Amino acid sequence: MDFQYFLEHVAYLAEAQLPAMKAHAIMAPIERLETLQNPINVINTPRTAAVLMLLYPKKGETHLVLIVRNAYEGVHSAQVAFPGGKYEDTDSDFAYTALRETQEEVGVNPQEVELIKPFTPMYIPPSNFMVHPFLGFAKQELRFVPDPSEVARIIELPLAVFLDESIVIETRLATSYAKEISVPAFNIEETIVWGATAMMLSELKEVLKSVFEYKT
C-alpha cells in the first residue's frame with residue numbers, strides 16, 4: 001500500500017469503530033474464547049503492559065514492524081510480538097509505556113511517532129498481563145536498532161502482505177495449556193504468529209479493511 005495513500009486515511013482510522021472481541025475471536029484458539037468473554041480472573045489482578053502497532057514508509061510502501069523475542073525460560077519465549085513492555089510506575093500513561101518500550105526495544109524515538117488511537121486491551125492468561133495496544137505511525141523511513149538482550153529479529157511486514165488472506169493458516173502447536181492444539185495463525189516470513197499477537201493483529205486488520213475497502 002502506497003504510504004501517501006495511507007496518510008490520506010489516517011483521520012478515518014482515528015474515527016473507525018473497534019471490533020474488539022469479534023475480531024480477536026477470529027484468530028483465537030478455541031480454548032481462549034471463554035477467556036475473551038470473561039477476561040479477568042478477579043483473584044489474580046493482572047499486571048499491565050502496552051505495545052505499539054507502528055506503521056511507517058519503506059521505499060514508499062506502508063510497513064508494520066514486529067519483533068521476534070529472544071529465547072528464554074518463559075511462556076512467550078521466541079514468540080513474535082509488537083514492540084512494547086511492562087508499565088512502570090514512572091510512566092504517565094499506557095501510551096507513554098508503548099512509546100518508551102518501543103524506543104528501548106527497537107530504537108525508535110518517541111518524537112518520530114504520531115499516535116492514532118488506542119485499541120482494545122487484551123488479557124493474556126499465561127503471563128497474567130493486561131496489554132494495551134496503540135496504533136501509531138512515523139512519516140519517515142525508520143532505522144531500527146534492536147536491543148540484543150530482548151529482540152532476536154525484526155520483521156518489517158508490508159501492509160499489502162498483511163492484508164492478504166493467503167497468510168492466514170491453521171496449524172498445530174504445543175502451548176502453555178495444551179500439548180498440541182489446532183490454532184489459527186498468520187504465516188509471516190515463514191514465521192508462525194499466533195495467540196495474543198495474532199488476535200491483536202486481527203483487530204488491526206479488520207479496522208484497516210473497514211477503512212480502505214470503504215474508501216476504495
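1. Let me begin with a strand pair: six bridges join E9 to strand E10 (residues 181-188), and the two run antiparallel. Strands here are DSSP E runs of at least two residues, helices are H or I runs of at least four, and both are numbered from the N terminus. Two strands count as paired if DSSP finds at least two bridges between them. Within this pair, Arg172 stands opposite Ser182 in E10.

2. A word on the basis of these notes: this is a predicted model, where local features need pLDDT of at least 70, side-chain atom pairs count only at pLDDT 80 or more, and totals for chains, interfaces and linings use all residues. Residues are numbered from 1 along each chain as its sequence is written, and side-chain values use heavy atoms, with hydrogens and water left out.

3. Back to the sheet. Three strands make up an open sheet in the order E9-E10-E11, with antiparallel pairing. Strand E9 (168-173) and strand E11 (191-193) are the edge strands, each pairing on one side only. On average, neighbouring strands of this sheet are turned by 55° against each other, direction ignored (axes are lines fitted to C-alpha atoms, for helices over the stretch in contact, and angles run from 0 to 180 degrees between N-to-C directions).

4. For the overall picture, the protein has seven helices and eleven strands. Buried residues make up 49% of its 216 residues; buried means under 20% relative accessible area, exposed over 50%, and partly exposed in between, with a 1.4 Å probe and protein chains only. Among contacts in the protein with a separation of 6 or more, 67% come from residues 24 or more positions apart, a contact being heavy atoms within 4.5 Å. The accessible surface is about 10700 Å², and 52% of it belongs to carbon and sulfur atoms (Shrake-Rupley method, 1.4 Å probe; for residues, only the protein chains shown count as cover).

5. Which residues touch the most other members of the largest nonpolar core? They are Phe6, Leu64, Phe82, Phe162, Phe186, Ile188 and Leu204, out of 43 residues in that core. Helix H7 (residues 195-215) gives the most to this core, with ten residues. A nonpolar core is a set of buried Ala, Val, Leu, Ile, Met, Phe, Trp, Tyr and Cys residues joined through side-chain atoms within 4.5 Å. In soluble globular proteins, nonpolar side chains tend to be buried together.

6. Not counting residues up to four places away in sequence, Phe162 touches Leu157, Ile167, Phe186, Leu201, Leu204, Lys205 and Leu208. There is also a second, separate core of 18 residues, which includes Tyr56, Ala81, Val113 and Ala138.

7. Next, a glycine and a glutamate. Gly85 is in strand E4 (residues 84-86) and counts as buried because its relative accessibility is 16%. Leaving aside neighbours within four places in sequence, Gly85 is in contact with Ala49, Ala50, Thr97 and Glu101. The C-alpha atoms of Gly85 and Thr102 are 8.1 Å apart, across 17 residues along the chain.

8. Is Glu101 buried or exposed? At 8% relative accessibility, Glu101 counts as buried. Glu101 lies in helix H5 (residues 94-106) and, with neighbours within four places again left aside, is in contact with Gly84, Gly85 and Lys86. Glu101 also belongs to a network of salt bridges with Asp91, Arg100 and Glu104.

9. How many salt bridges does a search of the whole structure find? It finds ten, where a salt bridge is a side-chain nitrogen of Lys or Arg within 4 Å of a carboxyl oxygen of Asp or Glu. One of them joins Lys58 and Glu156, with the closest N and O atoms 3.3 Å apart. That pair links distant parts of the chain, with Lys58 in strand E1 (residues 47-58) and Glu156 in strand E8 (residues 151-158), 98 residues apart. Lys58 is partly exposed, with a relative accessible area of 30%, and Glu156 is partly exposed at 23%.

10. Finally, Arg69 and Glu105 meet through their side chains in a salt bridge, 3.0 Å from N to O. Arg69 is in strand E2 (residues 61-69) and Glu105 in helix H5, 36 residues apart. Both Arg69 and Glu105 are buried.
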